[in-house]
Amino acid sequence: MRGPQWMDNGMSHIWLPYTQMKTVLPPLPAVSTSGCDIHLADGRVLTDGIASWWTACHGYNHPHICDAVSAQLSRMPHVMFGGLVHEPALTLATRLAGMLPGDLERVFFTDSGSVAVEVAIKIAIQYWINRGVSGRNRLLAFRGGYHGDTLATMAVCDPEEGMHALFNGVLPQHYIVDLPRDQMTLQRLESRLSESGDEIAAILVEPLIQGAGGMLFHDPMVLRHLRTLADRYGILLIFDEIFTGFGRTGTMFACQQADVVPDIMTLSKALTAGTMPLAATVTRTHVFEAFLSDNPLHALMHGPTFMANPLACACANASLDLFETQPRLQQVRQIGAQMAHELAACRHLPNVRDVRVMGAVGVVELETIADMNRLKAALIALGVWIRPFRTIIYLTPSFTIRPDELSRLTDAIRRVIAQGAAGKEAAS
């Protein structure tokens, strides 16, 4: 079926993400969204199971957020944040500081999660430079981790399983080790810190769930170990909550389940409920104070053009309104319970390695996905928008999803696995 004219005209000029453009199948033309639905140009409607890369936590087109955007658009869609400030950004910074644990109270706004992590890396390294400590210019991160697609963030992603192995020869070299899940890996981590701690500016981790690295879960005790070791060796601790922040794991922030406060936290994705690009790097007081000096070179020299965009900040404030007035965390618990019950049927299907659920994240890990395009097409044919990657089929739905919509998603996963759609040949 031919697409709309704008698609026929535009596909020869667009460059798509994570896509081999020579062999790409035609993407689906989306024309509108509503609730948990994506409406296509040919009239089909897909139930979105991944909330547009985990962002649309309140569903699409929420009227409270749309009204906030409209009101801000009529007043001031944008103004530079250099030498000027505005109410949406300062209100948002104040609200974030009030809801984050401990003294995470200084907020630096950027446009994307990758840049938020870049800024966190930059802050961590300059923190030591400003204090007169030389040589602390490396990070310690973890296998299975993902922190972004820019050059600096690629360097702290998983070097083997990540999508960035192609650039290994040009990336900065950091320490990538196993998460301290047991006594052996904990001892290995401590040995690395003992040997190289004077080179390490910060430890960087995704708390509770390593997202794009494979939806890998770990226990809150891992975060407590990292806080203890960071303190013991005098190293900063960075939590990348771009995926896990704003309720996804069952608490507003994943680190709250461990009762641990990092020195630096990054936020994005659901910050604006999937409406506008915005990210934040938030630091504790002692980190910020290392940048206060009579020396102009001690300032944080960073400033994206659209930093603290008023429209995006208005979206984020409206999203926080909904977290304050709607039972979002209760909805997350209900989603988790329903997914755990309904996805359990996949455990006994062929090719299934594991089924796991945390908060509003449900994962079916397969032994292999031999034909990814066939699997994606089978899911679309069942009226759902789910994007498997590597060997996992996962759900990260909007928190406002109805039980019947969620059942449509879990049933679709069960059916495509039972039919063998992940393999080269269908099951008989």
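## Exercises on aromatic rings

Arg138 is placed over the face of Tyr175, 4.0 Å from the ring centre; a charge counts as over a ring if NZ of Lys or CZ of Arg is within 6 Å of the ring centre and within 35 degrees of the ring normal. The model is predicted: local features need pLDDT of at least 70, side-chain atom pairs count only at pLDDT 80 or more, and totals for chains, interfaces and linings use all residues. Residues are numbered from 1 along each chain as its sequence is written, and side-chain values use heavy atoms, with hydrogens and water left out.

**Exercise 1.** State which residue lies over the face of Phe217.

*Solution.* Arg356 does, at 5.6 Å from the ring centre.

**Exercise 2.** Classify the pair formed by Tyr127 and Trp128.

*Solution.* Step 1: rings of Phe, Tyr and Trp (its six-membered ring) pair if their centres lie within 6.5 Å; planes under 30 degrees apart count as stacked, over 60 as edge-to-face and the rest as tilted. Step 2: by this rule there are eight aromatic pairs. Step 3: the ring centres of Tyr127 and Trp128 are 5.0 Å apart and the planes are at 85°, so this pair is edge-to-face.

**Exercise 3.** Classify the pair of Phe246 and Phe323, and determine whether Phe246 is buried or exposed.

*Solution.* Step 1: the centres are 6.3 Å apart and the planes at 35°, so the pair of Phe246 and Phe323 is tilted. Step 2: Phe246 has a relative accessible area of 1% and is buried (buried means under 20% relative accessible area, exposed over 50%, partly exposed in between, with a 1.4 Å probe and protein chains only).
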